[in-house]
Each structure stands twice: as structure tokens, then as C-alpha cells.
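Thank you all for making the time this morning.

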Amino acid sequence: MPIRVAHIGTGNVGRLALIELITNPQFELTGVWVATDAKIGKDAGELAGLDVVTGITATGDLDEILAARPDCAVYCAMGDTRLPEAMADCRRLLAHGINVVGSAPGVLQYPWQVVPGKYIDRVEEAAREGNTSLFITGVDPGFINDLIPFAFAGTCRAIEQIRCTEIADYATYDGATVMFDVMGFGNPPEDVPMLLQPGVLSLAWGTAIRQLAAGLGIVVDEITDTAAREPAPAAFDVAAGHIPEGGTAAVRFEIRGLVQGHPAIVIEHVTRLREELRPDWPQPVQPGGSYRVEIIGEPSYTVDIRPTSRHGDHNHAAIAAAAGRIVNSIPAVVAAAPGIRTTLDLPLITGRGLYSPPR
């Protein structure tokens, strides 16, 4: 019997997740929630960009989603700029007996020692009330920071450091809120965007640092972060909008989990809007972008991951990977014990049922 799933949020990740919910026979779509009035009343197939009519039309009322009593909800609504609302939505779903998988709120990927305990307790209480579980994931923060390094760390005799790096050109990333409001692209370098406000990087990627530490069985004493920005030498346009001359056009930041002063876990992002900017910063192993997981130990590893897609570039491929990780986790999350679940709790998600021969 298919798992009955509701879908919440049809942005960059959400639209791709919706495609699998419609096309994969493991799932039965029960409803779609959208944040914009222009999408209300549209068929889920249209919102997913598919040439199919599902009979499920989008709503802006979460009560309608709850009334259908799905087994699970895929939560891909914006969480970066509406964290309290996203937390409240997830608690409400959980308390109504609906399991949750999704890309937001990111702090719930591994919240312990990252957010105050009272907020964790509220989510756990809602999960107990509804006998439900929640799993939040993505790419980075996401499987690049847990699934991949854990797989290789499990073959080592000793580990001195784990470093996870995203190196990407975001010129084709069509997400204005993330690009301009969160990351600050196009803004004067002296303006500090939301992501680079004091403590925000350590909060946003602290979940990944703490989860890696838990998996390694070490205690991180402190999480620190640094950031650098590069202005545009001339004005140009990207998918999300206009970058004026002098506006931020490249960002590099690093978050370090320190153990007795040593950076045992490091997460780094190098994000450009033009490939020629800051050639001295780390470069991707394929044009556009790649991910790198490095383990210094015995043995040591450097693992370069090159996301590609038949339907878009490296940015599209990374978003598709996030959507795939979310949706493919649904059966395991539905079967899991109540509460906040993490990669450390769930069984290996193998891609069961996804094979199809070439056509």
C-alpha cells in the first residue's frame, strides 16, 4: 500500500521533491500547500512541471493538509527567513499524527547543543503526542556533512580532521531570497547579510558539526567561524537578479569545530558568481561546482563529488540530490521511533524501488 504523503512548499527543492511524490508508486499524494496566492488552485502536476493532471490542487490553508490525514508531510517551505513559523508548522504536523521529512527548519537536522533545549523539547513533545518522527536533511547542511564522511570514517584506524567543502558558482541559482537577503550577494561588502551576522554561521552549520562529533564520539569544545567577501569588478546579471559593480560577488566562509583548540571538524563554502573571481580560493573539480570531503587520518581520503543532471547544471543537480534524499527517506522515517531523527538513527537509505532501465 502506498504511503500517503502531503507536500508543503514548491520552491527550488520542493518542486523537485513533488515530481517524485507524483511519479513514484511508493507514494500517494494527498495535498499540496503553497505560500503564494498565484499557485493556489493549480494542479500538483502543473506545479511540478509535469504533463499530468493529478486532481490534487494547491491550497494555502494548512488545515486542509491536516484534514486529509496523510502518513507523512514533505516540508520544503522556506525556513531561513521564517524559522518560528517553520518550527510551529512542524510541531503542528507532528502533533496531528503526521510524520515530517524536509529541508527546513535546518536547525532540526541535529539540534542538540545548537538551539536552546526548550525548543527541542517542544518538538519532541509534539512527536510524542502524535506518535510521529521528524527528519530534516539536504545537501550541505545535509548528506555531504554526515552520510558521506561517516561512510569513509568507518574505514579508518585514526582520524585527525574531517573537512567538508562546497565549491560552487551560484550564477544560475534562481533563489532571490537566499542569494540577496540571506547570503548578501549584490550588497556592498560593508553590509553584513543575515548569514554573516555574528553566530549565524555557527548556528546554521552547528547541526552538522555536532552530528559529526556525535558520530565520531568526540566532544567539540567550541564552534568558530570566519568569512571573506569579494566585490564585483563590473556589473553583471545572474539568474536571481542584478549584481552592481562593487556589490558582493564571491563569498568564502568556514565553520570549525574545535577539540582542545584543534579544528577537528571543518565545513567550508566557496561561492562565486563568476568563475574568474578569487582564483586563489579553492577550485571545483568540474566546471561550475563540486563537493569535497577530506579526512586526515589513517588512511586519509579526498572524495570529490561531481553532481550532474540531465535536466540542468550543477546547481540543479545539487537541488535534485537534496530532494531525492528527503523523499527517499520517507519509508524509514514513517517506520522510525517517535521524535527528532537524524542520519545516526535511520537505516541506510539505499534507493530501493528507484531503478528503471534506460529508454
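What distance separates the centres of domain 1 and domain 2, taken over C-alpha atoms? In this model, which is a predicted one, the two centres are 26 Å apart, and the contact draws 15 residues from domain 1 and 16 residues from domain 2. As for the bounds, the domain assignment gives domain 1 as 3-136 together with 318-340, and domain 2 as 147-306.

Let me stay with that interface for a moment. The size of an interface is often given as the accessible area lost when the parts come together. Here domain 1 and domain 2 bury about 1200 Å² between them, with 66% of it on carbon and sulfur atoms. Between domain 1 and domain 2 the count of salt bridges is 0, and the count of residue pairs in polar contact, with both residues at pLDDT 80 or more, is 1. On the side of domain 1 that touches domain 2, helix 10, residues 314-328, gives the most, with 3 residues, and the residues of that side divide into 8 nonpolar, 5 polar and 2 charged.

Next, I would like to turn to helix 9, residues 206-216, which is mostly covered, since 8 of its 11 residues are buried. The buried ones are G206, T207, A208, I209, R210, Q211, L212 and A213, and they pack against several elements, including helix 6 (147-153), helix 8 (200-204), strand 7 (158-169) and strand 11 (248-259). Just after helix 9 comes G217, which takes a positive phi of about 75°.

Is D140 buried or exposed? D140 counts as buried, because its relative accessibility is 10% and the cut-off for buried is under 20%. Leaving aside residues up to four places away in sequence, D140 touches N145, E166, W205, I267, H269 and Y291. With two of these, the side chain of D140 makes polar contacts: one to the side chain of N145 at 3.2 Å, and another to the side chain of W205 at 2.9 Å.

Technical notes:
Residues are numbered from 1 along each chain as its sequence is written. This is a predicted model: local features need pLDDT of at least 70, side-chain atom pairs count only at pLDDT 80 or more; totals for chains, interfaces and linings use all residues. Side-chain values use heavy atoms; hydrogens and water are left out. Domain bounds come from an automatic or database domain assignment. Contact means heavy atoms within 4.5 Å. Buried area is the accessible area (1.4 Å probe) that two parts lose on being put together, summed over both. A salt bridge is a side-chain nitrogen of Lys or Arg within 4 Å of a carboxyl oxygen of Asp or Glu. A polar contact is a pair of N or O atoms within 3.5 Å; within protein, one must be able to donate a hydrogen and the other to accept it, and residues adjacent in sequence count only if both atoms are side-chain atoms. Helices (H or I, at least four residues) and strands (E, at least two) are DSSP runs, numbered from the N terminus. Ala, Val, Leu, Ile, Met, Phe, Trp, Tyr, Cys and Pro count as nonpolar, Asp, Glu, Lys and Arg as charged, and the others, Gly among them, as polar. Buried means under 20% relative accessible area, exposed over 50%, partly exposed in between (1.4 Å probe, protein chains only).
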